[in-house]
Amino acid sequence: MVNINSHEFMESSPSELPQWQALEEWRRSFASRTIASLFKVDPGRQQRWSFSAGSVHIDVSRNWIDENTFGALLTLARARDLEKMRDALLNGEAVNTTEHRPAWHTALRTPPGDPSVARSLDEEQRLFLGFAEALRSGRIQGSTGAPFDTVVCIGMGGSDLGPRLVAEALGEPSGPVHVRFVSNLDPVELFTALQGARPEATLVLAISKTFTTLETLENLRVARNWFDAAARPLDATHHIVAVTAHPDRATKLGVHPKRIFVFPEWVGGRYSLWSACGLPIAIAHGHEAFLQLRAGAAEMDAHFAQAPLETNLPVILGLLGVWYVNFWNARARAVFPYAQRLRNLPPYLQQLEMESLGKRVDVDGRPLTIDTGPVVWGEVGTAAQHSVFQFMHQGTHWSPADFVVIAEHARSDERRYRLLHASAIAQADALAWGDSVLGGERSSAAHAIAPGGRPSNIISLPQLDARSVGALLALFEQRTFVQSVIWNINAFDQWGVEVGKKLLQQRLDREPF
Ligand code: F6P
């Protein structure tokens, strides 16, 4: 068992470690070099800096990195006891130190029947996946006997972004039920989701870990009124389902106990799509797709647990994250998914990373003297090229980027898919090399110069299926954890969010609605 607080090496800030100072030296060694020059001295660079885990492939060759720097980053990771901390996470130890509980979402991804997983998790999974199938087949119906054809999911943050992303990433629903998502308090979103829906064939799925989130409860209240106002009278309790870690609160608000699916308190909101919170995914795409999603994530977890740090994808990406924030002063990181179905990846990653890594004190409560999580931002490609890429190529400060591409697009017979893939690679090349690669077409005008030297990763999935998406999201989760270990912060709490919530409550108490 690892003592998460107060490691002997945690007496000081990570920046006081000799390994940190070594990295500062290596950073200076890049002053007179270019990314292009790194390729020039090593013709096998792209191959050397490409790594795979199962079906996920990353090419990190377009980074300010060489053997020395990478070696120094790995030494820093070992000095921070990364392997032990990883094992603590994966073994369900209380890594969420301020809330005194594990962050054991990886346990949700182990196959049913695995002896390491509590039987209650298996049972809960059986219940909600069974419900999804019964809904899809029409065996579960509304109070008037009509099969459900529309599910409106109401949730916020982690209770919305993950299920929303995956449900869309897997394409058109494979069954008869259409799933829509609502999070905003602005009435427009719920209004739009309910437009055209028939109350007798509509199910509202309220997803909330705490079942106290204002936006979710308000939207649920309005949805209940919508059922009550239906032209043909119906029993709203047949039309409302809750997913929560606090079933008592859902029951108090009138949700029928048999229509509540639960998940453990130790599942963090932004890590909850693998629990019953993933019900919308199973409803839209079937339970097999949901199991495949989890299996892909479990494969990435196994890789994270077992692969040497040198070839470990979450470790490599996490260390690059630290490298740019702390040694290159990069305050942001961009993500550009080159797949329309992944258009919700940027907001999902914003919550995952900014809620996990936006911290100002270490795990012992001491103010940090180093920077932590960057701003995460992004946009779907190729639209991004025609909006934000001016900043990427010529802005005075830069943002390392992740390009997420689908390999089968590169090989596709469909011309637009090949163009999409080629566009991503061309952008990554242009960022790394700048306009120097244009040769004769290069302009000497100052305003036309793109200096290059702007790093990016290519993250490639073979295709956009449930297994690959599961692996991709687990890769991002574990990368986030790696960075938190180096920075000595808790990736699993979000106390800052509470301040705004409490102020709103005080205001509401003064001026009741
Ligand atoms: O306010 C932040 C937050 O707590 C997120 O961490 C969470 O994902 C979201 O709100 C929704 O919370 P809940 O699932 O409890 O409604």
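# Briefing: salt bridges, ligand site and surface

A search of the whole structure finds 33 salt bridges, a salt bridge being a side-chain nitrogen of Lys or Arg within 4 Å of a carboxyl oxygen of Asp or Glu. The model is a predicted one, in which local features need pLDDT of at least 70 and side-chain atom pairs count only at pLDDT 80 or more, while totals for chains, interfaces and linings use all residues. Residues are numbered from 1 along each chain as its sequence is written, and side-chain values use heavy atoms, with hydrogens and water left out.

**Salt bridges**

- The side chains of Arg33 and Asp66 meet in a salt bridge with an N to O distance of 3.2 Å. Arg33 lies in the loop between α1 (18–29) and α2 (35–40) and Asp66 in the loop between β2 (56–59) and α4 (67–79), so this pair ties together parts that are 33 residues apart in sequence. Helices (H or I, at least four residues) and strands (E, at least two) are DSSP runs, numbered from the N terminus.
- Arg33 counts as partly exposed at 28% relative accessibility, whereas Asp66, at 12%, counts as buried. Here buried means under 20% relative accessible area, exposed means over 50%, and partly exposed lies in between, with a 1.4 Å probe and protein chains only.
- Arg164 forms a salt bridge with Asp160, and the closest N and O atoms of the pair are 3.1 Å apart. Arg164 is buried at 18% relative accessibility, and Asp160 is buried as well, with a relative accessible area of 2%.
- Arg366 and Asp362 are joined through their side chains by a salt bridge of 2.9 Å, N to O. Arg366 is partly exposed at 28% relative accessibility, while Asp362 is buried at 9%.
- Asp362 is found in the loop between α14 (345–357) and β9, and a polar atom of the Asp362 side chain also lies 2.8 Å from the backbone nitrogen of Asp364. For such a polar contact, a pair of N or O atoms must be within 3.5 Å; within protein, one must be able to donate a hydrogen and the other to accept it, and residues adjacent in sequence count only if both atoms are side-chain atoms.
- Arg333, Glu353, Asp402 and Arg479 are linked in a network of salt bridges.

**A buried arginine without a salt bridge**

- Arg259, found in the loop between α10 (247–252) and β7 (260–262), is buried yet has no salt bridge.
- The nearest side chain of opposite charge to Arg259 is that of Asp235, 9.3 Å away, where Lys and Arg count as positive, Asp and Glu as negative, and His and the chain ends are not counted.
- A polar atom of the Arg259 side chain does lie 2.7 Å from the backbone oxygen of His238.

**Ligand surroundings**

- There are 14 residues around the ligand, and those that come nearest are Ser159, Ser208, Lys209, Thr210 and Thr213; a residue is counted as near if one of its heavy atoms lies within 4 Å.
- An N or O atom in the side chain of Thr210 is 2.6 Å from an oxygen atom of the ligand.
- For Glu355, an N or O atom of the side chain is 2.9 Å from an oxygen atom of the ligand, and for Gln351 a polar side-chain atom lies 3.2 Å from a ligand oxygen atom. Taken alone the ligand exposes 390 Å², of which the protein buries 90%; accessible areas come from the Shrake-Rupley method with a 1.4 Å probe, and for residues only the protein chains shown count as cover.

**Surface patch**

- Leu185, Leu214 and Leu504 form a nonpolar patch on the surface, with about 210 Å² of accessible area together. Patches are made of residues with over 30% relative accessible area and no salt bridge, like charges being joined within 9 Å and nonpolar side chains (Val, Leu, Ile, Met, Phe, Trp, Tyr) within 5 Å.
- Leu214 is found in helix α9 (residues 214–228) and is partly exposed, with a relative accessible area of 31%.

**Separations along the chain and in space**

- Ile425, in helix α17 (residues 415–433), is partly exposed at a relative accessible area of 24%. Ile425 and Ile458 are 33 residues apart in sequence and 7.9 Å apart in space, C-alpha to C-alpha.
- Ala383, placed in the loop between β9 (375–378) and α15 (389–394), counts as partly exposed at 42% relative accessibility. The C-alpha atoms of Ala383 and Ala446, 63 residues apart along the chain, are separated by 26 Å.
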